Amino acid sequence: MQPATKPFKTLTKSLYLFSGLGADKRIFQRLDLSGYSVNYIEWIAPLEGETIEHYAARLLCQITSQKPTLIGLSFGGMMAVEIAKLIETEKVILISSIKSGNEVPFYYRWMGHAGFHKRIPSGLLKNTNFLTNWLFGTVSPFDQKLLKEIMGDTNPAFFSWAVNQVVLWKNKTLPKNLVHIHGTGDRILPIRFTEYDIVVKKGGHFMTLNRSDEINQILRLQLE
């Protein structure tokens, strides 16, 4: 009788990726997550007057694995934190994001209390220029083209709702297994307002694309 063969060890860790405000999985296209079960969360239309907590609960149907690892970029990081308050997770990794209301820049909070953000014309979303490229840190023609496509595809209603959630976010509950990666050159969510774990020197808000080699190395270490 032949001895029983030992089964091959496979990587079955499930990763759920949350893109930035209005963005989609294109923002992760240069990440190397081979060997893992990768799932991209799709944004859904918010309900009238919906809170970020209620929205997070409605996204849960897209997460079918037990103890998943959540990776959130920008607004997606905030949503990953809210999801982690509802289910048990193996790890929560934030990139270019914030994890509590204390990290919302004071001028965003001022905009929220004053209601200024509600008067931003939705048509501005459909255009990119020197200012938007500077804010997002997009330098190469590829990055600038992708930013233009993402902004052009952004749903104005979702954008307005999400901006409102950002400026008024008051979360104080942090996942115990959270890792926060932030770039020193982030102009959308400046690093000085955050308590980060891992820093990427001169990394901007688009660093999953233009600093992907460094982000891939960091993620590999965190996912081991």
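## Arg30 and its partner

Arg30 is partly exposed at 35% relative accessibility, where buried means under 20% relative accessible area, exposed means over 50% and partly exposed lies in between, computed with a 1.4 Å probe and the protein chains only. Arg30 forms a salt bridge with Asp143, and their closest N and O atoms are 4.0 Å apart; a salt bridge here is a side-chain nitrogen of Lys or Arg within 4 Å of a carboxyl oxygen of Asp or Glu. Because Arg30 lies in the loop between strand 1 and strand 2 while Asp143 belongs to helix 5, the pair ties together parts that are 113 residues apart in sequence. Asp143, for its part, is buried, with a relative accessible area of 2%.

This is a predicted model, in which local features need pLDDT of at least 70 and side-chain atom pairs count only at pLDDT 80 or more, whereas totals for chains, interfaces and linings use all residues. Residues are numbered from 1 along each chain as its sequence is written, and side-chain values use heavy atoms, with hydrogens and water left out.

## Other salt bridges

By the rule given above, the count comes to 12 salt bridges. One of them joins Arg26 to Asp153, with the closest N and O atoms 3.0 Å apart. Arg26 lies in the loop between strand 1 (14-18) and strand 2 (37-40) and Asp153 in helix 5 (residues 141-153), so this pair links parts that are 127 residues apart in sequence. Arg26 is partly exposed, at 23% relative accessible area, and Asp153 is exposed, at 52%.

Glu82 forms a salt bridge with Lys85, the closest N and O atoms being 3.1 Å apart; Glu82 is buried, with a relative accessible area of 2%, while Lys85 is partly exposed, with 36%. Elsewhere, salt bridges that share partners join Asp24, Arg26, Lys145, Glu149 and Asp153 into one network.

## A buried lysine without a salt bridge

Lys91 is placed in strand 4 (residues 91-95). Lys91 is buried yet has no salt bridge, and the nearest side chain of opposite charge, that of Glu90, is 7.0 Å away; in this scheme Lys and Arg count as positive and Asp and Glu as negative, with His and the chain ends not counted.

Leaving aside neighbours within four places in sequence, Lys91 is in contact with Pro68, Thr69, Leu70, Asn177, Val179 and Gln222, contact meaning heavy atoms within 4.5 Å.

## Two residues with positive phi

Most residues other than glycine have a negative phi. Ser96, although not a glycine, has a positive phi of about 50°, and Ser96 sits in the loop between strand 4 and helix 3 (106-114). Lys202 likewise has a positive phi, near 65°, and is a residue other than glycine; Lys202 is found in the loop between strand 6 (198-200) and helix 7 (207-210). Are these two residues buried or exposed? Ser96 counts as buried, at 0% relative accessibility, whereas Lys202 is exposed, with a relative accessible area of 72%.

Glu224 is found in the segment after helix 8 (212-223), and Glu224 is exposed, with a relative accessible area of 74%. Glu224 and Lys13 are 211 residues apart in sequence and 9.8 Å apart in space, C-alpha to C-alpha. Not counting residues up to four places away in sequence, Glu224 touches Lys13 and Tyr36.

## Overall form

The protein has eight helices and six strands, which are DSSP runs numbered from the N terminus, helices being H or I with at least four residues and strands E with at least two. From the N terminus on, the elements run β-β-α-β-α-β-α-α-α-α-β-β-α-α. Of the 224 residues, 49% count as buried, and residues 24 or more positions apart account for 64% of the contacts with a separation of 6 or more.

Along the principal axes, the C-alpha atoms fill a box of roughly 75 × 40 × 30 Å.
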